[in-house]
Amino acid sequence: MELLKKLKEVGSSIVPILVLVSLMHFFWIPLGEGLLSSFLIGGVLIIAGLALFLLGTDIGLLPIGERIGSASVRTKNLAVLLSTGLIVGIVIILAEPNITVLQEQVASVNPSISTTLMVVMIALGVGLYLMIGLLRVVFRIPLKWIYLGSYTLLFLLAAFSSQEMLAMAFDSGGAATGPLAVPFIMAIGLGVARVQKKQEESDNFGYVSLALIGPTLALVVLGLFSKEGGASLVTTVQIPVAGGFLSLVEESVSQVVRSLIPLVLLCIVYQLVLLKMTIGQLVRVAVGFLYVFLGLTLFFVGVNGGFIPAGYQIGYAIGMLDSRLLLLTGMVIGSITVLSEPSVWVLIDQVQTITQGHIRKSIMLIALAIGVGLSGFLAMLRVITGLSIWYFVLPVYTIAVLLSFRIPTLFVGLSFDSGSVSSGPMASTFILSFAIGASVAVGGNPTTDAFGVIIFVSMTPVVIVQLLGLLYKHKQAKLAAQKGRKKS
C-alpha cells in the first residue's frame, strides 16, 4: 500500500514531463530513432526507483535520523551535537543522488574541474550549516540574522570568486537539498526540536534552507583559488538506445554501494554509542536501506540511460531551430515542474494549515506556477544572452533577506525552505541537461550559462511564500482591528 502511494506521488511528478516530451516528439521535434523509447523507459525506471527510494527513506532513514538528533541533544554535550551536525551533513551528501548527477553534468561540460574536490566542499558546506542549524535551535538564534550574515558573506566572496565556478556554486545548493538530504536533515532537526524544553513551531523550519547556503558558500570559496578558463564545450552527446540500460546496471550498483557505505557506517556507530535500538527496529532500518539501494540503482540507470540524453537533445534541437522558442519552453517546463513536484504540494498544505485557511491552495499554486515559470524563462534568457547570474540571484536574495525582517517569524524558515523543496530530481536531471544542450546550440559556454538553472527554480518560491506571509500578516492585523472595534 505504501509503495503504491509512493508510486502515485512520484508518478505525478515525472509523468507530466513524459507526456510533454512525447507530444513534442510527435508534433514538433522528433527525437530520433530509439531516443523517445529510451526516455520513456528511463522515466519508468526513475518513477520505480524514486518510489522505492522514498519508501526506504520513510521506513529506515527518517526514524534513525530523528533518533540521532534527539540522542545528541540528550547528551547535553555541545561537542557531540556539533560533531553530529558536521558528520551527518558530510555523509548525507555523499549518498545524495542529486549531487551524483550534478557531478556527472559538471564533468561533461568542464573536465578541468575536479568533481571529487567539488563534492568534498559541498559535503563540508552542508555539514557546517547543519551545525549552525542545530545551534540556532539550542541557543534560540533568529533565522533572519543567520540569513543576513550568510548571504552578505556569500555575495562578498562571490565578487572575487571564479565566474566559471559561480553558477555551479549556486546550483550545488539546490542539488544538495535533494530527495535524500531534505527528509534526513528535517528528521535530525525534528529530533532536536522535540527534546527542547521550549518548543516552537518555527523550530521545525530552516534546516533545509541553511543546507542550501553551505554548498554554495563552499564552492564560492573554492572558486577563490581556482583559475579561470579551461572550459570544455560539449558538442555531441552519445544517445543510448533502450538496450543500453543493461550496461548501466553494474556501474550504477557500484556507484550506489560507494554512496551508501558511509551512511551505513554512520548509523552503526550511532547505534553502538547512543541509540541502542532493538533488534526489531534494526531490522526495519535494514529493510529501509535495501529499498534505498534498489531505488537509487534504478534511478541512476533511468537518469543516465534516458533523461539526461533526451533533455540535452531537446534543448539542443530547440536552440538550433529558434533560440527564442527556448524562452517559451523554459517557462512551460518550469511551471509543469513546480506543479507536479510532490514536495510542493506538502508545502502548500503546510501554508494553508499555518494560516488557518486564509491563504488558499489555489492562490499559492497559481503564484508558484507563475513564479517558477518566470524562473525558467529567465534561465533560458541567460542561456541565450550569456548574462551574468549576478543580475538575477543578487536582487532576488537581497529582497528575500530584507523581507525576512517584515514577515511573521514562522514564515522566515518556511519561505526559504520552500525554495529548496521546489528543486527536485527533475531540476538536476532533465532541466539542467536541457539547459546544457540549449547552451551548446546557441554557441554559449555551458559552464557559465547553463548552470544556474537549478537555483533559478529554487529562489522564486522563497519570495512568493514571503509575499504570502505578508498577506497573512495584513489579514491578521485587519482581523485584530475588527475585534478591537467590536469590543469597544
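## A tour of salt bridges, cavities and a nonpolar patch

Select Asp322 and Arg324: their side chains meet in a salt bridge, 3.3 Å from N to O. A salt bridge here is a side-chain nitrogen of Lys or Arg within 4 Å of a carboxyl oxygen of Asp or Glu. This is a predicted model, in which local features need pLDDT of at least 70 and side-chain atom pairs count only at pLDDT 80 or more, while totals for chains, interfaces and linings use all residues. Residues are numbered from 1 along each chain as its sequence is written, and side-chain values use heavy atoms, with hydrogens and water left out.

Stay on the pair and colour by accessibility. Asp322 is partly exposed, with a relative accessible area of 23%. Arg324 counts as exposed, at 62%. The cut-offs are under 20% for buried, over 50% for exposed and in between for partly exposed, with a 1.4 Å probe and protein chains only. Accessible areas come from the Shrake-Rupley method with a 1.4 Å probe; for residues, only the protein chains shown count as cover.

**Stop 1: the salt-bridge network**

The whole structure holds three salt bridges. Now select Lys6, Glu9 and Asp58, which are linked in a network.

Start with Lys6 and Glu9. Their closest N and O atoms are 4.0 Å apart. Both sit in helix α1 (residues 2-27), and they are separated by about one helical turn because they are three residues apart there. Helices are DSSP runs (H or I, at least four residues), strands are runs of E (at least two), and both are numbered from the N terminus.

Move on to Lys6 and Asp58. Here the closest N and O atoms are 2.5 Å apart. This pair links distant parts of the chain: Lys6 is in helix α1, Asp58 in helix α2 (residues 35-74), 52 residues apart.

Glu9 is partly exposed at 28%, and Asp58 is partly exposed at 32%.

**Stop 2: two distance checks**

Keep helix α2 in view and pick Ser37, which is found in it. Ser37 is partly exposed, with a relative accessible area of 35%.

Next, pick Lys144 in helix α6 (residues 143-158). Lys144 is partly exposed at 27%.

**Stop 3: the largest cavity**

Go inside. There are two cavities of 30 Å³ or more. On a 1 Å grid over the protein atoms alone, a cavity is a set of points where a 1.4 Å probe fits but cannot get out; lining residues have an atom within 4 Å of a point. Grid points are joined across faces, edges and corners, and a volume is the space filled by probe spheres set on the points.

The largest cavity has a volume of about 80 Å³. To display its lining, select Gly330, Ile333, Gly334, Val372, Ser375, Gly376, Ala379, Met380, Ile431, Phe434, Val453 and Val457. The elements giving two or more residues to this lining are α12 (325-340), α14 (361-385), α17 (425-441) and α19 (453-487). The largest share, five residues, comes from α14.

Colour the lining by class. It divides into eight nonpolar, four polar and no charged residues. Ala, Val, Leu, Ile, Met, Phe, Trp, Tyr, Cys and Pro count as nonpolar, Asp, Glu, Lys and Arg as charged, and the others, Gly among them, as polar.

**Stop 4: the second largest cavity**

This cavity has a volume of about 50 Å³. Select Tyr151, Ser209, Leu212, Tyr397, Phe416, Gly419, Ser420, Ser458 and Val462, which line it. Helices α9 (207-224), α16 (409-422) and α19 each give two or more residues to the lining. Which element gives the most? It is α16, with three residues. By class, the lining has five nonpolar, four polar and no charged residues.

**Stop 5: a nonpolar patch**

Return to the surface. Select Val257, Ile261, Val264, Leu265, Ile268, Val269, Leu272 and Val273, a nonpolar patch with about 680 Å² of accessible area together. Patches are made of residues with over 30% relative accessible area and no salt bridge: nonpolar side chains (Val, Leu, Ile, Met, Phe, Trp, Tyr) are joined within 5 Å, like charges within 9 Å.

End on Ile268, found in helix α10 (residues 244-275). Ile268 counts as partly exposed, at 43% relative accessibility.

Technical notes:
1 Å grid on protein atoms, 1.4 Å probe; cavity = no way out; pocket = protein on both sides within 12 Å on 5 of 7 lines; lining within 4 Å.
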